[in-house]
Amino acid sequence: MNQPVNQRTAAVIDPILSTHARGYRNLEFIGHLLFPRVTIPNRSMRVLKFGKEGFRMLNTRRAPGADKKRIQYGYASDPVSLVQDALEGLVPVEHQEEAQSIPGINLAQGAINMVLDVVDLGLEYDISQMARNPANYDANHKTALTGADRWTDPNSDPKADIDAAQEAIRRSIGRYANTLELGPTAARAAKNHPKIKEQFKYTSKDSITDEMLAAYFEVARVIVGKAVYLPENASDDEMATDIWGDDAILAYVPMQGESFMVPAYGYTYELSGYPQVAKPYFENSNDSWIYPTKTERRPYLVGAEGGFLIQGAGDAS
């Protein structure tokens, strides 16, 4: 009797490669540190956004027999609208034959890593566009630096800018931001700023590090967005564009694990079981093994008041 065709009997999914794909992270990407990836069980969930309920002073006094007041922690807004990205990695049989003679070479994982690098680059870009868009912030949670206010000017004051941003966040959500994202030119400007170098001149002979910047700005971590991209049809001799530009972004990001129930600046919703690597197949037309890979996810800015956008902190890019 024939068994019904399902993922198990048809061997549609490669469990080993899928597990590898779910644990893979490109260290140059920082989007997941601003918008943590959280697993959701199905596509019918709603985006959980957070208001100021936890900070309103309510009258909780109750007379005997009177109804009790109620408060809801967060609220479900629009349905989660995941997007699927799919790409296939190709391993020519000639490369596979050569790799078999060298211990430790795993071309299958290499192909998956290459695919995930491309797909994750798109996610990094999407997150940066959301985080760097001033239209996503109210007037109290953004500023644009120009002229002598840019951190490249020795008379500017990066610490004062961050302190002011921190106070705006605290006044909005009741806590300070713990993560400072810097575009490459903003990070370089901060590390070369005379006020910051003066702060460390007696304590370290080394160059200013990200950890030293975190201590200076009083945040848990400083992350630098180093990723660049070329448009799909750009010529090879074109210079790539910085994904994170010259901005600085301060944000409150939960660090105690993946839970979309914790108030936060942003999250990346990812469907359970993804990324997913399908069973590889052999393509006779080019004598290559093909590794199909899919992701189902989408980033959301769920608490913009938990962030602050500082445009033009570094050199214009």
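Modeller: Because the model is predicted, local features need pLDDT of at least 70 and side-chain atom pairs count only at pLDDT 80 or more, while totals for chains, interfaces and linings use all residues. Residues are numbered from 1 along each chain as its sequence is written, and side-chain values use heavy atoms, with hydrogens and water left out.

Colleague: Why is H193 called buried?

Modeller: Buried means under 20% relative accessible area, exposed over 50% and partly exposed in between, with a 1.4 Å probe and protein chains only; H193 has 1%, and is therefore buried.

Colleague: What does H193 touch, leaving aside its neighbours within four places in sequence?

Modeller: With contact meaning heavy atoms within 4.5 Å, H193 is in contact with W151, D153, P154, S156 and P158.

Colleague: Why is the pair of Y269 and Y300 called edge-to-face?

Modeller: Rings of Phe, Tyr and Trp (its six-membered ring) pair if their centres lie within 6.5 Å, and planes under 30 degrees apart count as stacked, over 60 as edge-to-face and the rest as tilted. The centres of Y269 and Y300 are 5.6 Å apart and the planes stand at 70 degrees, so this pair is edge-to-face.

Colleague: How do you know whether Y269 and Y300 are buried or exposed?

Modeller: Y269 has a relative accessible area of 0% and is therefore buried, and Y300, at 15%, also counts as buried.
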